[in-house]
Amino acid sequence: MEKFLENHMYATHAVAAAASVTFGTAVTYPLDTVKTLIQVGSGPGKQLTPTRALETVRALSGTSGLYSGFCCLAVGRTLGLGARFGVYELLTAFCKDGREDNYVYVNEALMAGFVAGATESLVSSPFELIKLRAQVTSASHVPSSTPSAKAASPFIERLLRGYSPNKSVLNDYVSLLSTLNSKHPNMVGALQEYPWMMTGSGKPPSVCDVKRPLDIVSLEGWKALWRGFRSGVVRDSFFGGLFFSTWQFLHQAMLDWKAVGMDPPPRSNEEVGPLSPVAVSLAAGFSGVVAAAASHCFDTAKSRSQCTVIPKYVAMERRLLKWSRPGNRFERYTGIHPADRIILFHGIWPRMARSGISSFLIVGGYYLFIDQLVSG
C-alpha cells in the first residue's frame, strides 16, 4: 500500500476519473436539462416536446440556461460515480477472491450493481435536487411582484431569506376573510406569521423561489435534500445492476471473440490480453442506454417529486395526521404518484441518449486521461 501511494497512482486515477466524469457531464448536460423539463413540464393532457423545451429555455435564459445547475451536478456526479464504482469494485473483489481466472459472473455483477447504485443515490440525491430546481428556474417566467411597503416579518425572513410578501394578493385574501366576525386587531400581520400564507395565496412558494440550499433547508428542512429518495434508490439500483451486468456480459463476449483463432487457446481471460479502449467504451455506452431505458419511470417519479415544495410544517401535519401515501403498494414503495402513471416514460429518449453518450465519454475519457497523465 505504501509503495502504491508513493508512485502517486491513486492520485493519478482519481484525477483521471474526476476529469472524465466532468467532461462527460458537460457534453451531455443540455440533454439532461431537456429531459428534466419534459418530465416536470408534461401532464396527463400535455406533452412537452424537446424542441419546445429548448425554445423555452433559450427565450427565458438564453443558451447558458441549458447549463443551469451544472456545477452542482458535476460535483454530485463525481462523488456519486466514485461511490458507485468503488462499492462495485469492493463487492466484486470479494466475489472473485480465490478464483484462478479472476472472473466475475453476470449475476454477481447484477447484485453488486444493485448495492452500488443504492449507495450512489444516497450520495448524489442532494446535488440532484439543487440541480433540478436550477433547471426548472431557467425555463420559468418569474414575474416581478411588487413588494409591500412593509418587509416580511422576522419569522418569515428566517424561513425564506430575501422574501417580501405580495401585498396586493394578500389584501385580496384578507378581504375575503373580512366578511367573518373577527376580533383580531391585525389580521394581515397574523396571516403573515404562517408559512403557508407567505405568498399571499395560501400556497407554498414556487421552486423558483426555493432553489438555494439555504432556502431549501430553512423552509423544507434537511430531509428535503433527499426528497424522492425511494424512487431514487430504485432507479439507481436498477441502473447500476443492469449497467454492470450488461457491461460484464459484453466484456466477456468480446474476450471470447478475441480468443477465437488464438493458438494455443487461452486458458484464462488474462491470456487473451486487454481489449481496445474504444470497444470497452462502446460497450459501456450501450450498457448505459439499456440501463437508462429500464429505470426511466423511476427517474420521472423522482424528478417530479423533487419539483414539489413541501414546507416542513406541512410535512409535520402529515405525520401527525398519519397521512398515507396514495397509490397501490408498488407505487408507495417506489415513490411513484398515481397521477403520474401515464407520463412516467416522457423524456425517455433524451435520457437514453444522455446516458449512452455520457457512459461512452466517461469510460473513454478515463482511458485517455490515464494515458496522458502516465505518459506525461
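**View 1. Inside the largest pocket.** Lining the largest pocket are 41 residues, and those nearest its centre are Phe85, Glu89, Trp247, Tyr366 and Tyr367. This is a predicted model, in which local features need pLDDT of at least 70 and side-chain atom pairs count only at pLDDT 80 or more, while totals for chains, interfaces and linings use all residues. Residues are numbered from 1 along each chain as its sequence is written, and side-chain values use heavy atoms, with hydrogens and water left out. A pocket here is an open set of points on a 1 Å grid over the protein atoms alone, where a 1.4 Å probe fits and protein lies on both sides within 12 Å along at least five of seven lines; lining residues have an atom within 4 Å of a point. Helix α4 (70–95) provides the largest share of the lining, nine residues. (Helices are DSSP runs of H or I with at least four residues, numbered from the N terminus.)

**View 2. Inside the second largest pocket.** Here the volume is about 1100 Å³. Of its 30 lining residues, Arg227, Ser305, Ile310, Arg318 and Arg325 are closest to the centre. Helix α13 (312–320) is among the elements giving two or more residues to this lining, and α13 gives the most, with five.

**View 3. Arg84 meets Glu120.** Their side chains form a salt bridge (a side-chain nitrogen of Lys or Arg within 4 Å of a carboxyl oxygen of Asp or Glu), with N to O at 2.8 Å. Arg84 sits in helix α4 and Glu120 in helix α5 (residues 106–138), 36 residues apart. Arg84 is buried at 4% relative accessibility, and Glu120 is buried at 8%; buried means under 20% relative accessible area, exposed over 50%, and partly exposed in between (1.4 Å probe, protein chains only).

View 4. The closest N and O atoms of the salt bridge between Glu128 and Lys302 are 3.3 Å apart. Glu128 belongs to helix α5 and Lys302 to helix α12, so this pair ties together parts that are 174 residues apart in sequence. Glu128 is buried, with a relative accessible area of 14%, and Lys302 is buried too, with 0%. Salt bridges that share partners join both residues into one network, whose members include Asp32, Lys35, Arg351 and Arg354.

Conventions
Points joined across faces, edges and corners; volume = space filled by probe spheres on them.
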